[in-house]
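Subject: Structure for you to look at

Dear colleague,

I am passing on the structure we spoke about, and my notes on what was found in it follow below. Please read them with the structure open beside you.

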Amino acid sequence: MLLQIFDAFKSRLHDFNSKVNQVALETMHKMIPLLKDSLSPVINMLIPAVVDNNLNSKNPGIYAAATNVIQALCQHIDNSLLLQPFCTKAQFLNGKAKQDLTEKLA
């Protein structure tokens, strides 16, 4: 069930409408403390959806919301679950997104 919900939710994290995208990121930020490690089955889908485009966004609201989601993931989810997806994404990112994710890895 969780996989189906986040599969549908993931497309909102990539929405072309910046307001929809930002609200989806803000909602994700609120959900993480509630769901915590139960997000483990969707973490490999969730991290790319949050990081791709959003961490390099020129829209300050989207960028801030994406960094808040990354911070919440680091605070509420077992770091061993985040290590591999963060490393994988950091390899292929550029710009500010690469710097932000590398700092989280460190």
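Predicted model: local features only at pLDDT ≥ 70, side-chain atom pairs only at ≥ 80, totals over all residues.

Residues are numbered from 1 along each chain as its sequence is written, and side-chain values use heavy atoms, with hydrogens and water left out.

Overall build

The protein chain has six helices and zero strands, where helices (H or I, at least four residues) and strands (E, at least two) are DSSP runs numbered from the N terminus. The C-alpha atoms fill a box of roughly 35 × 30 × 20 Å along the principal axes. Of the 106 residues, 37% count as buried, a term that stands for under 20% relative accessible area, with exposed meaning over 50% and partly exposed lying in between (1.4 Å probe, protein chains only). Among contacts (heavy atoms within 4.5 Å) between residues at least 6 apart in sequence, 66% join residues at least 24 apart.

The core and helix H3

The largest nonpolar core has 31 residues, and those with the most contacts inside it are Leu46 and Leu73; such a core is a set of buried Ala, Val, Leu, Ile, Met, Phe, Trp, Tyr and Cys residues joined through side-chain atoms within 4.5 Å. At least two residues of this core come from each of H1 (2-10), H2, H3, H4, H5 (79-92) and H6 (95-105). In soluble globular proteins, nonpolar side chains tend to be buried together. Leaving out residues up to four places away in sequence, Leu73 touches Ile32, Ile43, Leu46, Ile47 and Leu82.

Helix H3 is mostly covered, seven of its nine residues being buried, namely Ile43, Met45, Leu46, Ile47, Ala49, Val50 and Val51. The cover over the buried residues of H3 includes H1, H2, H4, H5 and H6.

Asn21 is found in helix H2 and is buried, with a relative accessible area of 7%. Setting aside its neighbours within four places in sequence, Asn21 is in contact with Arg12, Leu13, His14, Asp15, Asn54 and Ile62.

Two loop residues with positive phi

Most residues other than glycine have a negative phi, and two residues here deserve a look on that account. Lys36 has a positive phi of about 45 degrees although it is not a glycine; Lys36 lies in the loop between helix H2 (18-35) and helix H3 (43-51), and is partly exposed, with a relative accessible area of 42%. Asn53, likewise not a glycine, has a positive phi of about 70 degrees; Asn53 sits in the loop between H3 and helix H4 (60-76), and at 59% relative accessibility counts as exposed.

With best wishes
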